Amino acid sequence: MDYDYIFKILLIGDSGVGKSSVLLRFVDDVFSDSYVASIGVDFRVRTVKVGDKIVKLHLWDTAGQERFRSIITQFYRGSRGIFVMYDVTNRDSFNSVQMWLKDIENFTTEDPVRLLIGNKADLASRRVIPFQLGKQLAETVGMPFIETSAKSSQNVDAAFQIMVDCLLGRFEDVSHNEIDDKPLPPVPVDPTVKRKLSCPCS
Ligand code: GTP
Ligand code: MG
């Protein structure tokens with residue numbers, strides 16, 4: 001086995017908020033201004049190191065268009081972490097957050113770590129959702145919050161760092177093989193790893 005922990009993580013949110021862009025920035029460190037709407041669900045993998053532990057992330061990038069909604073909810077099962085994203089320049093995408101949170105309630109099997117992301121923070125002149133409004137919503141629904149920019153890279157690594165820390169804090173004793181869906185033997189959490197965690201929800 002080439003990892004100590006493996007987690008299934010989902011990105012959800014309205015079409016065009018930048019889910020694919022944030023993921024590509026995190027996985028390949030690239031960005032494109034052109035918009036190619038995702039179709040269904042894309043899958044990427046990235047491995048990160050926390051202390052001396054290898055954490056493998058199975059990252060599922062979902063399509064935000066309404067016509068894919070029932071398809072993508074089938075992928076919620078077994079996810080340990082979910083990024084709920086909106087675009088700080090798009091009020092509708094912010095208003096949709098509650099709908100995406102309901103889908104999480106309805107379609108997840110475990111209680112996943114949820115993190116709210118306001119993306120496109122680089123577009124200062126077009127911003128319609130102030131930082132404080134995002135933070136307030138996150139506090140109301142009890143989830144950590146961060147603003148990112150896939151374009152400038154701002155906070156993209158930080159968002160994943162928070163997610164991984166929260167995952168290690170919450171699912172410390174259970175690991176799961178997402179490919180064949182069989183539980184893996186429990187992995188005892190290393191206290192040196194735990195000390196390094198900075199999950200705002202714990
Ligand atoms: P769907 O696949 O349809 O659900 O959309 P998506 O959420 O994956 O959005 P995508 O990543 O395709 O980005 C949509 C558009 O926004 C593209 O033109 C991106 O270049 C742009 N975009 C994404 N993130 C940012 C950002 O942080 N800043 C700026 N300025 N543009 C961004
Ligand atoms: Mg996409």
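Me: By class, what does the lining of the largest pocket look like?
Reply: The lining of the largest pocket has 12 nonpolar, 12 polar and 9 charged residues, where Ala, Val, Leu, Ile, Met, Phe, Trp, Tyr, Cys and Pro count as nonpolar, Asp, Glu, Lys and Arg as charged, and the others, Gly among them, as polar. This is a predicted model, in which local features need pLDDT of at least 70 and side-chain atom pairs pLDDT 80 or more, while totals for linings use all residues. Residues are numbered from 1 along each chain, ligands are numbered from 1 as written, and side-chain values use heavy atoms, without hydrogens and water.

Me: What counts as a pocket here?
Reply: On a 1 Å grid over the protein atoms alone, a pocket is an open set of points where a 1.4 Å probe fits, with protein on both sides within 12 Å along at least five of seven lines, and lining residues have an atom within 4 Å of a point.

Me: And which residues are closest to its centre?
Reply: The largest pocket holds about 740 Å³ of space, taken as the volume filled by probe spheres set on the grid points. Of its 33 lining residues, Gly18, Ser21, Ser32, Ser34 and Tyr35 are the closest to the centre.

Me: Which element gives the most to that lining?
Reply: Helix 1, a DSSP run of H or I with at least four residues, gives the largest share, 5 residues.

Me: Switching to ligand 1, which residues are closest to it?
Reply: Lys19, Ser21, Ser32, Tyr35 and Gly64 are the closest of the 24 residues that surround ligand 1, each with a heavy atom within 4 Å of it.

Me: How is that shell split by class?
Reply: The shell around ligand 1 has 7 nonpolar, 11 polar and 6 charged residues, and helix 1 (residues 19-28) provides its largest share, 3 residues.

Notes:
Helices (H or I, at least four residues) and strands (E, at least two) are DSSP runs, numbered from the N terminus.
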